[in-house]
Amino acid sequence: MIKLSAKSKLITYLINMPVTNLDDRALQTVGLAYLAADLDQNGFNVKIIDGGGIDKHASYDTIKNEILTIRPNNIGFYVMELNSAITLKLIHDLKQIYKFQAFLGGPQPSLQGYDIIDNNLDVDFVVCGEA
């Protein structure tokens with residue numbers, strides 16, 4: 001089990017990757033905001049990239065480059081069927097460059113947690129159900 005400590009000053013990113021095939025609709029998740037607020041209250045340095053909401057026009061390369069600039073210790077992803085492939089690609093591409101803990105939550109990991117872990121060696125853990 002990975003224990004996160006506020007004293008370690010870990011940088012944590014929470015990301016909802018954009019879905020590009022849904023015209024201009026937003027698919028934002030309030031769950032990332034709740035999780036970020038809890039981490040922030042416990043002294044963590046947290047940043048949200050909400051590709052389903054305010055950051056819906058951010059490109060894959062823009063998100064990847066920001067992560068590579070900051071190099072957060074932990075990156076959590078909100079994953080649904082529509083953004084699962086691009087999310088797993090980003091994790092794989094980043095893990096080729098530097099080490100970090102990748103964790104997934106949302107509907108897709110809740111439905112297919114074991115399959116995701118078994119078939120994606122770059123994913124460190126999944127959160128199933130309500131976090």
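Me: How many bridges join β1 to strand β2 (residues 45-50), and is the run parallel or antiparallel?

Reply: The general idea: strands of a sheet pair through backbone hydrogen bonds, either parallel or antiparallel. In this predicted model, β1 and β2 run parallel, with 6 bridges joining them. Pairing takes at least two DSSP bridges between two strands, and the strands themselves are DSSP runs (E, at least two residues), with helices being H or I runs of at least four, both numbered from the N terminus.

Me: What should I know about the model before reading on?

Reply: It's a prediction, so local features need pLDDT of at least 70 and side-chain atom pairs count only at pLDDT 80 or more, while totals for chains, interfaces and linings use all residues. Residues are numbered from 1 along each chain as its sequence is written, and side-chain values use heavy atoms, with hydrogens and water left out.

Me: Which residue stands opposite I15 in β2, and which in β3?

Reply: In β2 you'll find I49 opposite I15, and in β3 it's F77. β1 pairs with strand β3 (residues 74-78) too, in the parallel sense over 4 bridges.

Me: In what order do the strands of the sheet come?

Reply: Read across the open sheet, the 5 strands go β2-β1-β3-β4-β5, with parallel pairing. β2 and β5 (125-126) sit at the edges with a single partner strand each, so one side of each has no neighbour in the sheet. At the β5 end, 2 bridges pair β4 with β5 in the parallel sense, and F103 stands opposite F125. Along the protein chain, the elements follow β-α-β-α-β-α-β-α-β from the N terminus, which comes to 4 helices and 5 strands.

Me: How many residues of strand β1 are buried?

Reply: Buried means under 20% relative accessible area, exposed means over 50%, and partly exposed is in between (1.4 Å probe, protein chains only). Strand β1 (residues 11-16) has 5 of its 6 residues buried, so the rest of the structure largely encloses it. For the protein chain, 40% of the 131 residues count as buried.

Me: What covers the buried residues of α3?

Reply: Think in contacts, meaning heavy atoms within 4.5 Å. The cover includes α2 (60-70), β3, β4 (101-105) and α4 (107-119). The buried residues of α3 are S84, T87, L90, I91, D93 and L94. The helix lies across β3 and β4, at about 175 degrees to β4; such angles run from 0 to 180 degrees between N-to-C directions, with axes fitted to C-alpha atoms (for helices, over the stretch in contact).

Me: What span should helix α3 have?

Reply: Expected span is 1.5 Å times one less than the number of residues. Helix α3 (residues 84-95) has 12 residues and should span 16 Å; its end C-alpha atoms are 17 Å apart, which agrees.

Me: Is Q108 buried or exposed, and what does Q108 touch?

Reply: Q108 lies in helix α4 and counts as buried, at 13% relative accessibility. Leaving out residues up to four places away in sequence, Q108 touches V79, M80, E81, S84, G113 and I116. The side chains of Q108 and Q112 also make a polar contact of 2.7 Å. That term means N or O atoms within 3.5 Å; within protein, one must be able to donate a hydrogen and the other to accept it, and sequence-adjacent residues count only if both atoms are side-chain atoms.

Me: And where does L35 lie?

Reply: L35 is in helix α1 (residues 30-41), and at 31% relative accessibility it counts as partly exposed.
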